[in-house]
Amino acid sequence: MSSGTATHCPYCALQCAMTLSPAAKPGAGFPAADVPTPGLPTPGGPAASAAPLLEVAGREFPTNRGGLCRKGWTSAALLGHAGRVTEPLLKGSDGVHQPISWEQALMLVAAAVKDSWARHGHDSVGVFGSGGLTNEKAYQLGKFARLALRTSRIDYNGRFCMSSAAAAGNRAFGVDRGLPFPVEDLDSASVILLLGSNVAETMPPFVQHLQGARDAGGLIVVDPRRSATAAFTGNGGGIHLQPLPGTDLALILGISHVVVHEGLADTAFLEGRTNGHKAVLRSLNAFWPERVQSITGVPATLIRETARRLARSARLAKDEGRGGCYILSGRGVEQHVDGTDTATAAINLSLLLGLPGSARSGYGTLTGQGNGQGGREHGQKADQLPGYRKITDPAARTHMAKVWGVDESLIPGAGLPAVEFLKSLGQPDGVRCLFVHGANVAVSAPDAGAVIAGLRSLDFLVVCDFFMSETAAEADLVLPVAQWAEEEGTMTNLEGRVIRRRRALTPPPGVRTELWLMTRLAELLEAPSTFSDDPRTVFEELRLASAGGLADYSGIDYDMLDAGEAAYWPYPAGGKGTPRLFAEGFAHADGRAAMVAVTPSKRAQRSFASASEPESLALATGRLLEHYQSGAQTRRVAELSASQPEARLQLHPETAARRGIADGGLVTVSNERGEVQVRAEVSTAIRPDTVFLPFHFPGAGSANRLTEAATDPISGMPEFKTSRVWVRSAAAVPEPALAATAVSSHRKEES
Ligand SMILES: Nc1nc2c(c(=O)[nH]1)N[C@H]1C(S)=C(S)[C@@H](COP(=O)(O)OP(=O)(O)OC[C@H]3O[C@@H](n4cnc5c(=O)[nH]c(N)nc54)[C@H](O)[C@@H]3O)O[C@H]1N2
Ligand SMILES: Nc1nc2c(c(=O)[nH]1)N[C@H]1C(S)=C(S)[C@@H](COP(=O)(O)OP(=O)(O)OC[C@H]3O[C@@H](n4cnc5c(=O)[nH]c(N)nc54)[C@H](O)[C@@H]3O)O[C@H]1N2
Ligand SMILES: [Mo]
């Protein structure tokens, strides 16, 4: 067993350490179907899991301490999966995908790109990337878009994930690293405020780091649902604040108001380490607890109690070196049209309490995707060059032109953020030829119905994936790429720590790596710089590219990572890494944090004002433990799919009773954008004015048929977490008829 491969989980940013070893009874390559996966038509035969080729064991590492969640334990099931795409597939005029050779595939892609350039200009070619890609792939994808495809049109799914937290972090601290401290620092905390994060389901091994605060009665969770994480507050004397979705900004301002008006703010810290605090203090006057109660539904007494507990623990940590106080934010507060301001309010609260940069306290955001951190640093964002540089910054452009050995004028300007990018698909001045690397936008993007229409209106769609995802099903060409355990590379976890992903298996014949693909296409398109299919070579270039930038990796190399060094960026060449980012100062030129006064906007208020209309409800969306994102992977794992086979709408008993809905009954959820039909899960864990849907399912159960493509003006984050919907019982329609509709609409989208 000691001969196993030491690597990390393919899923979230916790990047739990695992060891992969050959399975005792290895599956025979890519075997015939044995276990059907419900609801997943897979071209070329029924979806199925085979006996895993590899065995997974948890490995000691600070984030997971040997633990894994259900998704991690079962992750190897996808390596030898019978539904895997293992050769390039071209869609025929009959809509059916047929295998072609790689040679043909590369020629077709190069021809489609050149045709699009000739007819509509360079910006008619677009690239949609992913926070799931390794650092090497993310870096080379940005370079590939700008230099080989000569387009400014590149953005990625991290826009849906970390963009609001990133924008707020950059504005306040001058840098965006999700956790500016190692995750183990949380262990000794006596109070942790978790804003809109359900780690018990989304990062189960992380819960170990909340245990200290929970035992001290100091776990405070803000969630409109009594989520698995919120339930942890119950038996330890913690607090669950249950606001109306979309009202977090007002809630945080209310807590901040109490801190200031009860004299609990750390004025020495504000004077010594921040700018702009006077305006922030003034702006809080209007958010007294009773007013905030009327907006959020959270009792004023709990708002006061939260503020006092935070302040007490902050002071104890500072004056007596005991405990610690942390504020952590998740997608629940960030994925809104006012997500940047809400994250800013959370940062302001942490600064009022003097948390960031102190030895035992801090503020952080919990990065989501496997490489959600590295994926937002190396240039796959519309406005970004590697090293977290701005593409509009002349110095950054000069630096990158030198690293790439090209004239600076060849580097395009800023492109479009993801939502605008997707709205432009097929439009006269929009993207007409699209490459997708690591996202399933047909399921995961807001207003998914419109996105699917956009995909269908493209001149040419290339999707790189290992499965026939709902997005791949729309593609003219599907290119089969290597999975996590078949490639080498690096990932940067939620702490800003760079780690090694290692190859434990040879990919199936017919499958290629994305680095190989970019290299071959760059050659065919006569790109003016070099590309490589060797991850180590690409990383060496990334080091040079990032040197001197905010996310500086220049001092990191594969050998030191292989030797087990804990490498946190910034890590300049000849220097050392930075586990704790703000100990000495913040990243703005004067070393101070910038406090920006924020208040709820009319735009954001719209969602909760309308939710108070008698018949409409607030739809919150999010995750289940068993499924990952669009479900393209986890819906294909038999064990996970059997335990969560379909989307269910969580709603309160009163809300259900008023509509004649029974637990398990079929319901229709609709609004002006679309309609879904799912079963009801009647539960007191949710507010009566709110319903919840997971977004892991396609077709008739797709939550994103209902979400709106309205975005945060600063970050471009869409409003995933609050939509207005109407819910009615679908029981009047005979169930078999409905089931048939559900299946046929799946087929329509997937064929
Ligand atoms: N099992 C699983 N784990 C995952 C993932 C996955 O898909 N599945 N994805 C990974 C990724 S990319 C990410 S980004 C993270 C996300 O991790 P989380 O942020 O923990 O995940 P979510 O379930 O999206 O949202 C958290 C909570 O926000 C609540 N919420 C909804 N609306 C609001 C609101 O208006 N205000 C507040 N305060 N709360 C609200 C929801 O009820 C939910 O419980 O998880 C990572 N881990
Ligand atoms: N309603 C609602 N919608 C949401 C959210 C929400 O909370 N509510 N959350 C949003 C968030 S936080 C996120 S991060 C997005 C994520 O949503 P998506 O971007 O759709 O993420 P995945 O489902 O992980 O899609 C990854 C796809 O790429 C494939 N893949 C995995 N690794 C690789 C690789 O290395 N290379 C290539 N080429 N393919 C790969 C997988 O098989 C899968 O088909 O969803 C967003 N959508
Ligand atoms: Mo995410």
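Tutor: Let's start with a term: buried means under 20% relative accessible area, exposed means over 50%, and partly exposed is in between, using a 1.4 Å probe and protein chains only. This is a predicted model, where local features need pLDDT of at least 70 and side-chain atom pairs count only at pLDDT 80 or more, while totals for chains, interfaces and linings use all residues. Residues are numbered from 1 along each chain as its sequence is written, chains are lettered from A and ligands numbered from 1 in the order in which they are written, and side-chain values use heavy atoms, with hydrogens and water left out.

Student: Okay, is C69 buried or exposed?

Tutor: C69 has a relative accessible area of 13%, so it is buried. C325 is buried too, at 0%.

Student: How many disulfides are there?

Tutor: A disulfide is a covalent bond between the sulfur atoms of two cysteines. The test here is a pair of cysteine sulfur atoms within 2.5 Å. Searching the whole structure turns up zero disulfides. C69 is in none, since the nearest cysteine sulfur, belonging to C9, is 6.2 Å away.

Student: Which residues touch the most other members of the largest nonpolar core?

Tutor: A nonpolar core is a set of buried Ala, Val, Leu, Ile, Met, Phe, Trp, Tyr and Cys residues joined through side-chain atoms within 4.5 Å. The largest one has 157 residues, and F173, I192, F206 and F435 touch the most other members. Helix α2 (residues 102-120) gives this core its largest share, eight residues. Another core, of 30 residues, lies apart from it and has F128, F160, L458 and A472 among its members.

Student: What is F173 in contact with?

Tutor: Contact means heavy atoms within 4.5 Å. Leaving aside neighbours within four places in sequence, the partners of F173 include I347, L351, Y363, F582 and F586.

Student: And how do I read α2, starting with its span?

Tutor: Helices (H or I, at least four residues) and strands (E, at least two) are DSSP runs, numbered from the N terminus. The expected span of a helix is 1.5 Å times one less than its number of residues. α2 has 19 residues and reaches 26 Å from its first C-alpha to its last, close to the expected 27 Å.

Student: Which residues of α2 are buried?

Tutor: They are W102, A105, L106, V109, A110, A112, V113, S116 and W117. They cover an arc of only 155 degrees around the axis, so they sit on the same side of α2; that arc is taken over the directions from the helix axis to the C-beta atoms. On the other side of α2, E103, A118 and R119 are exposed. The elements that the buried residues pack against include β8 (125-129), α3 (135-148) and α19 (514-524).

Student: Which peptide bond is cis?

Tutor: The one from W569 to P570, with omega near -5 degrees. P570 is in the loop between β23 (567-568) and β24 (593-594).
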